[in-house]
Amino acid sequence: MLKQGKLIVVGAGPGDPELITLKAIKAIESADVLLYDALVNDELLKYAPNAECIFVGKRKGCYTYQQEQINDLFVQRAHEGKVVVRLKGGDPFVFGRGSEEMEHAANFGIETLLVPGLSSSLSVPAMQNIPVTKRGSSESFWVITGTTKEHKLSDDIRLAAKSNATVVILMGMSKLSQIVQLFKNEGKSKTAIAIVQNGTRADEKIGLGTIESIETEVKRKELTNPAIIIIGEVVKHRAKILEIQRTYKQPELELVR
Ligand SMILES: C[S@@+](CC[C@H](N)C(=O)[O-])C[C@H]1O[C@@H](n2cnc3c(N)ncnc32)[C@H](O)[C@@H]1O
């Protein structure tokens, strides 16, 4: 009897190849076929030395797979009895189409599993010493896409701008001026904001400022996609945490970076 294939949708974390779960690594090791996206660190491919690795993301100079082609690919390979790992940046269920792909596979009678990942929405601020909640500063956080399916600014950003929450925006760089305007409309010109590009990677860049100053900072630092926008008073805690780290740093105890 033909071996049953399956689809494992796996979160690869934000970019630093050490920010991945053990379960994810085990899944990659089990892969016959690995379909990976642009935000996945290529270093992770070393865990699947014998797998057929296919890049299906969007990168300059590379063929761009349409979603339907990706779907066809994993259905076909799984029907051949192969274990297909669909490796996605961050967490597959956070603006990652993970559930759509699992539903598609299930429609073809294919077993599917999910391995969550560290979403950039939490891990990128954290690795920049920005706590998304802090007692007395922020009681909640919103994670919002800047750009909807219809390429419009999400209306949730207007609602979030009215709240006291920390606002984390993914895919928002092309709409930065509109986002800034929404916060100004709420009287929040002086609210702190950070933009982190390529978070947790070697080429990470950060821009800091206030709602009214951030666009100048973005131009000065030439910040672009992929980037995450963090808005709220918690951004100010970064300086304090960095100061604490510098004060108590013991070189022999350094674990990360
Ligand atoms: C399609 S969404 C995927 C999000 C992913 N599933 C997650 O949980 O992080 C892609 C967007 O996530 C954000 N992003 C992902 N990784 C990032 C990183 N390492 N640094 C900054 N932003 C990142 C950017 O806003 C990027 O445009």
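**From a strand residue to the ligand site**

Gly 209 counts as partly exposed, because its relative accessibility is 22%. Partly exposed lies between buried, under 20% relative accessible area, and exposed, over 50%, with a 1.4 Å probe and protein chains only. This is a predicted model, in which local features need pLDDT of at least 70, side-chain atom pairs count only at pLDDT 80 or more, and totals for chains, interfaces and linings use all residues. Residues are numbered from 1 along each chain as its sequence is written, and side-chain values use heavy atoms, with hydrogens and water left out.

Gly 209 lies in strand S9, residues 205-210. Helices (H or I, at least four residues) and strands (E, at least two) are DSSP runs, numbered from the N terminus. Leaving aside neighbours within four places in sequence, Gly 209 is in contact (heavy atoms within 4.5 Å) with Thr 191, Ala 192, Ile 193 and Ile 214. Pro 17 is 192 residues away along the chain, and its C-alpha atom is separated from that of Gly 209 by 29 Å.

Pro 17 leads on to Asn 41. Asn 41 touches Pro 17, Gly 15 and Arg 201, not counting residues up to four places away in sequence. Where is Asn 41 placed? Asn 41 is in the loop between strand S2 (33-36) and strand S3 (52-55). Asn 41 is buried, because its relative accessible area is 14%. The Asn 41 side chain reaches two backbone atoms: the oxygen of Gly 15 at 2.8 Å and the nitrogen of Glu 43 at 2.9 Å.

Gln 67 is in helix H2, residues 67-79. Its relative accessibility is 18%, so Gln 67 counts as buried. The side chains of Gln 67 and Glu 101 make a polar contact at 2.8 Å. A polar contact is a pair of N or O atoms within 3.5 Å; within protein, one must be able to donate a hydrogen and the other to accept it, and residues adjacent in sequence count only if both atoms are side-chain atoms. Gln 67 also touches Arg 97.

Now the ligand. Which residues come nearest to the ligand? Of the 18 residues around the ligand (a heavy atom within 4 Å), they are Pro 14, Val 94, Ser 120, Gly 199 and Ala 227. A polar side-chain atom of Ser 120 lies 2.6 Å from a ligand oxygen atom. Helix H4 (120-127) and strand S10 (227-231) are the elements that give two or more residues to this shell. On the nitrogen side, a ligand nitrogen atom is 2.9 Å from a polar backbone atom of Asp 91. A backbone N or O atom of Gly 89 lies 3.1 Å from a nitrogen atom of the ligand.
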